[in-house]
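I opened the model to see how the chain is put together. My entries follow in the order in which I looked things up.

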Amino acid sequence: MEAKASTIRDAVTKWEEKCGEKASEAEAMLLYGQVPPIEKMDAYLSTLTCCRKLSLSTNGIEKIANLNGLKNLTILSLGRNNIKALSGLEAVADSLEELWISYNLIEKLKGIQCMKKLRVLYMSNNLVKEWGEFVRLAELPCLADLVFVGNPLEEKHSAEGNWMDEACKRLPGLKKLDGTPVIKEEDDGEGES
């Protein structure tokens with residue numbers, strides 16, 4: 001017989017018992033690797049009003065949802081789940097600075113463009129295979145640190161030896177790609193007074 005999934009409420013109650021704090025006052029909620037795993041980001045998340053860092057990694061979540069109450073959220077960790085799309089992030093678009101979403105099933109980056117403050121995006125080992133999707137990241141004005149290794153697009157172009165160049169050409173604002181600092185070519189002094 002299969003175990004029933006954990007709910008957000010179950011996980012929060014466990015966390016409160018373990019930490020002796022009120023979840024509604026906590027700035028960091030680490031709800032990763034629940035047994036049995038959390039499968040739904042349910043409405044109980046909206047009780048975490050002070051939360052700045054939320055970790056729901058290593059669960060069975062398929063869909064990003066119910067983030068509307070999390071107005072202070074700056075770091076969201078959803079790695080190692082079953083997430084297929086980035087929709088549902090709009091509710092935290094004004095505060096989220098880091099999204100850790102590696103090891104999921106994401107092929108399309110539709111929905112990412114609302115994240116105007118996003119500086120860090122760790123999305124290795126997903127299913128993105130087209131430049132047309134990758135260039136959606138150019139709509140993120142603050143994006144500086146991207147981990148994209150393990151996506152079919154990266155694997156193909158790394159094998160051809162042109163991944164760094166091609167990716168940086170499409171995302172000129174990057175400071176770090178796949179853990180490697182991006183070295184910009186210095187211009188030849190044109191335009192200087």
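**Entry 1. Contacts and overall size**

I began with the contacts, where contact means heavy atoms within 4.5 Å. Of the contacts in the chain with a separation of 6 or more, 40% are between residues 24 or more positions apart. I note that this is a predicted model, in which local features need pLDDT of at least 70 and side-chain atom pairs count only at pLDDT 80 or more, while totals for chains, interfaces and linings use all residues. Residues are numbered from 1 along each chain as its sequence is written, and side-chain values use heavy atoms, with hydrogens and water left out.

I took the box along the principal axes, and the C-alpha atoms of the chain fill roughly 60 × 45 × 25 Å. For burial I used relative accessible area: buried is under 20%, exposed is over 50%, and partly exposed is in between (1.4 Å probe, protein chains only). By that rule 42% of the 193 residues count as buried. The accessible surface (Shrake-Rupley method, 1.4 Å probe) comes to about 10300 Å², and carbon and sulfur atoms hold 51% of it.

**Entry 2. Charges**

**Entry 3. Secondary structure**

Helices (H or I, at least four residues) and strands (E, at least two) are DSSP runs, numbered from the N terminus. I find four helices and eight strands in the chain. From the N terminus on, their order is α-β-β-β-β-β-α-β-α-α-β-β.

I then listed the partners of L137, leaving aside neighbours within four places in sequence. L137 is in contact with L109, I112, L121, L143, L146, F148 and L171.

Which residues of α3 are buried? In this helix (residues 152-159) they are L153, E154 and H157. Seen down the axis of α3, these buried residues fall within an arc of 95 degrees, so they line one face of the helix. The arc is that of the directions from the helix axis to the C-beta atoms. The buried residues of α3 pack against α2 and α4. Just after α3, G161 takes a positive phi of about 80 degrees.

In α4 I find W163, E166, A167 and C168 buried. The cover over the buried residues of α4 includes α2, α3 and β7 (176-177).

K71 is in the loop between β2 (53-55) and β3 (75-77). Its relative accessibility is 56%, and K71 counts as exposed. Not counting residues up to four places away in sequence, K71 touches A91 and S95. K71 and S95 are 24 residues apart along the chain, and their C-alpha atoms are separated by 6.7 Å.

Is M115 buried or exposed? At 0% relative accessibility, M115 counts as buried. M115 is in the loop between β4 (98-100) and β5. Not counting residues up to four places away in sequence, M115 touches L89, V92, A93, L96 and L140.

**Entry 4. Backbone points**

The peptide bond from V35 to P36 is cis, with omega near -10 degrees. P36 is in the loop between β1 (28-30) and β2.

N66 is not a glycine, yet has a positive phi of about 55 degrees. N66 is in the loop between β2 and β3 and is partly exposed, at 31% relative accessible area. N125, also not a glycine, has a positive phi of about 55 degrees. N125 is in the loop between β5 (120-122) and α2 and is partly exposed, at 26%.
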